[in-house]
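Hi,

Here is the structure I promised to pass on to you. Have a look at it first, and then read my notes on the salt bridges below.

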Amino acid sequence: MERTAAGGVPGSAPMPGGAGLPEVAELLDGMPRQRGPLGATATTAVPASPSAPSPSGAAAPLSRVCRPWRLLPTPTGTPFTLAYAAVLAVTSLVATYADPALVHALHQGSSTDVAHLVGMPVTVLLASALWIAGGFVAPYTLALLLVLAALERRIGGMRTAVVFLTGHVLATLATEVPVGLAVLVGHLPGSSLHRIDYGVSFGVATAIGALSGLLRPWLRCPVLVLFGGMLIQDLVNLTDPLTNWGHLIALAIGIAMWPVVRGWYAAESADLGRPHARVATSAR
């Protein structure tokens, strides 16, 4: 059938009002687009603006933005770490500004020496964790804040307290029981039974060892190598052999708790609906 220049059909009656038949393309507007040259449909497509990213593309970078303030304890995210840090700040102020005789009496009464462990073990094991050797500005204070906060965000406050106290108690007993036995057999003098020993370093070392089990291998290995190397260097220098051995033992206790900590992390992730629940049991 021959088309006219106006798109009509020869010999057909004109449309009312003198208008011819509409274009065929207009009659097919409701039909799926047919294959044809690329330029045929290029004018009908609305070009996407390169300066306006899609909503999904804008949300992805925001979710990967580094948030360094999450490293520090907060009232809602890490209540145990924040409360414990507040207690340590108060005791550090007491140790700094109180009468030296009073401070010495408090430290001696909180000491986990053999004599106190035999007479009142629970009291001194808890009281000794309320003091920081060197005050609140000691290096272990920053480690305590960062490590406990990171661990609490992954396994919860109560479980973090269990990890900390486990290392604090077991490492203390592992270093003080040999002292008692050495005094008993005559290898050490009786004054060794009253050696003043307090502080948070055993618990912090255990928390570092436990937290490393939840980190990716590329971060876990440097943490263990650097921290473990520092502890070995202190032991080689004989700065305080008993305490240095306690730090290594505490780190080993934290590493030994990896299966338990990873299980807690998986349970905590499932409770909170986090998508990384398998990290606790997959990476080694």
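Please keep in mind that the model is a predicted one.

R195 also forms a salt bridge with E176, and here the closest N and O atoms are 3.4 Å apart. This pair links distant parts of the chain as well: E176 is in helix α9 (157-184), R195 is in the loop between α9 and α10 (201-212), and 19 residues separate them.

The side chain of D197 meets that of R195 in another salt bridge, at 3.8 Å from N to O.

Taken together, E176, R195, D197 and D240 are linked in a network of salt bridges. By the rule used here, the count comes to four salt bridges.

Which of these residues are buried, and which are partly exposed? E176 is buried, with a relative accessible area of 1%, and D197 is buried too, at 10%. R195 has 23% relative accessibility and counts as partly exposed. D240, at 30% relative accessibility, is also partly exposed.

Enjoy exploring it!

Best wishes

Definitions and conventions: Residues are numbered from 1 along each chain as its sequence is written. This is a predicted model: local features need pLDDT of at least 70, side-chain atom pairs count only at pLDDT 80 or more; totals for chains, interfaces and linings use all residues. Side-chain values use heavy atoms; hydrogens and water are left out. Helices (H or I, at least four residues) and strands (E, at least two) are DSSP runs, numbered from the N terminus. Buried means under 20% relative accessible area, exposed over 50%, partly exposed in between (1.4 Å probe, protein chains only).
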